[in-house]
Amino acid sequence: MSDDIWIIGTEMTPIRRHLDRDVLDLATEASLGALDDAGVTMRDMQVMAVGSQFEPFTFGQDVQKQIGQTGIPLYNVHNACATGATAVRSVLMEIKAGEADMGLALGVEKMTGSSPPYRMTAPKAGRVFEPEGRDGHVLATEGVLGTGQMFGVFAQTGTDYARRHGGVGFEQFAKVAEKNHAHSTLNPLAQYQRPYSLDEIMNAEMLAYPNTLPMSCPTGDGAAAVVLVSDAKLRTLDPDVRRRAVKLSAAVMTTDPYDPSGFAHPDVNTLTRNAADQAYERAGIGPEDLDLVELHDCFATAELVHYDNLRLCAPGGAGEWIDRRAPWRDGELPVNVSGGLISKGHPIGATGVANLYEVATHLRGEAGDRQIEGARVGLTHVIGLGSVCVVHILERAAT
Amino acid sequence: MTHTPTLTGQVPVVDYLVIDDGPPHLVGNRCDGCGAVYLERRNACAACGARTFSPARLPATGRIESFTIVHRGAPKHIGPFVSVLVQLDDGTFVKANLVGVPPEADALDFAVPVRLVTYTAGTDDGGMEAIAFGFVYDETTAPTQG
């Protein structure tokens, strides 16, 4: 007996602009799919956590009203792009604490449709300058004092890496998107499923240099769920459930430690390095042991710097690593064979569960056309800007 | 920090920009415990936990750490702009626009130092001008003492 935690069921919806489905439809499909996959029901769940960045109030209880109201504890979770991963952690911690031996974690987001709640309000026309906030600003500072928008922030993270290390430029960042769009052609769940040439990517609309439109994650809707159990509980389940179980060998969450630059520009590197190093140590596994990685490529620049942060390439060598196609699905260490956020899509709350779905499906040997043959060990990574990072290491059942 | 419109009908776009006390400059809140500098009001220091701060006049020169050129979502009245993270000569980081250069990657160079400048970023209904700061390339400046 150990204190290991296992995934015994997982499901993910296709990521689309689901204009004809509401957020509860997506949540229900993923939740019931994960329960069915594990051969269990809501009656077996002793805890539930629901992650959504934009759904308000007691949204998780609204989901329970669709899939089963059994009176169990429930956590509603918001944690930026790490929302889904935080829901997983909430269930995992209840099990580790001995409060539950089986639970359901769901991540879901509906980002299309009328009046998306995540749009920032436009500044009022006609006004008198009055200082507001902790910096006493008298007008909107976006575009005046640089950018704080997501795609601009991650673009600057990329040019910072390029400044510090050789062999990194626009083309290396674009090659990341070329790879991920190629990978998603094999993934029926992906929002985009067509290849983009390097020329097409580099000549597309520039959002924020060096990230063009196909180098940036789209807006989409989707959900993913996992059923987690304790090691003791797993031993009581059917052999077929045990055979398909996937072990969470490490589950690490970090936030950004103080850095003098952090208030001016979010540092997404240090907390990722800290999370990766802790995860490798806890799992007793090194980057050289990994068979696939799903990392947080909200923009192509982000993926490139995380090759280095997750220790996948030589220090400072991320440009050279993509140049020699190491992270392609037929390369030394496949990265984002799902298509990643750039091509699979990035429904905020679902993302940190969808990456577990992807890696677990490969470790089970059930990934169809995109299967990485013989995969035994995988890593997932998400970043929520602000910041929070979650890294999981997953291993196929020994038997 | 107080935030005082000047007699000339100008107000700084943020309160850490001082425009009415000699050459325009930035003033941060320096932690009395560890010396960490913040550009906005803080209750306690994120680095050491100390709870008191003192004003610190910051140097006007520094170097570019990172940049992007924002096209999508740029405010319509501004258009594509160059966002830079600048490390000032005392080590303080500040984000702003790089001005006086075309918004093109080929025009940007990490090796050239920058210095702070100010300009009018907007005018309110009462005729008050909001004075913003940005950075320009400073090819003539020798390295400054922090």
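Chain A, in this predicted model, is divided into two domains, with domain 1 covering 5-112 + 220-248 and domain 2 covering 150-217 + 250-393. The C-alpha centres of these two domains of chain A lie 24 Å apart, and where the domains touch, 38 residues of domain 1 are in contact with 33 residues of domain 2. On the domain 1 side of that contact, the elements that give two or more residues are strand 1 (5-12), helix 3 (83-96), strand 4 (102-109), strand 7 (222-230) and strand 8 of chain A, and it is helix 3 that gives the most, with 8 residues. By class, this side of domain 1 divides into 21 nonpolar, 11 polar and 6 charged residues.

Which strands pair with strand 11 of chain A? One of them is strand 8 (residues 246-255), which pairs with strand 11 in the antiparallel sense over 9 bridges, and here Ala250(A) stands opposite Ile393(A). Another is strand 10 (residues 377-384), also antiparallel to strand 11, over 8 bridges, with Thr380(A) as the bridge partner of His392(A). Strands 10 and 11 of chain A form a hairpin with 3 residues between them, and in the turn Gly386(A) has a positive phi of about 145°.

Now to a pair of helices in chain A, helix 1 (residues 23-38) and helix 2 (residues 59-67), which pack at an angle of about 65° with their axes 10 Å apart, and whose crossing is right-handed. From helix 1, the residues Leu24(A), Ala27(A), Thr28(A), Ser31(A) and Leu32(A) meet Asp62(A), Val63(A), Gln66(A) and Ile67(A) in helix 2, and this contact has 5 nonpolar, 3 polar and 1 charged residues.

Finally, I come to the contact between the chains, where 36 residues of chain A are in contact with 45 residues of chain B. On the chain A side, the elements that give two or more residues are helix 4 (150-164) and strand 5 (206-208), and the largest share, 7 residues, comes from helix 4. The residues on this side of chain A divide into 17 nonpolar, 13 polar and 6 charged.

Note on methods: Residues are numbered from 1 along each chain as its sequence is written. Chains are lettered from A and ligands numbered from 1 in the order in which they are written. This is a predicted model: local features need pLDDT of at least 70, side-chain atom pairs count only at pLDDT 80 or more; totals for chains, interfaces and linings use all residues. Axes are lines fitted to C-alpha atoms, for helices over the stretch in contact, and angles run from 0 to 180 degrees between N-to-C directions. Helices (H or I, at least four residues) and strands (E, at least two) are DSSP runs, numbered from the N terminus. A crossing is left-handed if the near helix is turned anticlockwise from the far one by less than a right angle, and right-handed if clockwise. Two residues are in contact if their C-beta atoms, placed from the backbone, lie within 7 Å. Ala, Val, Leu, Ile, Met, Phe, Trp, Tyr, Cys and Pro count as nonpolar, Asp, Glu, Lys and Arg as charged, and the others, Gly among them, as polar. Two strands pair if DSSP finds at least two bridges between them. Domain bounds come from an automatic or database domain assignment.
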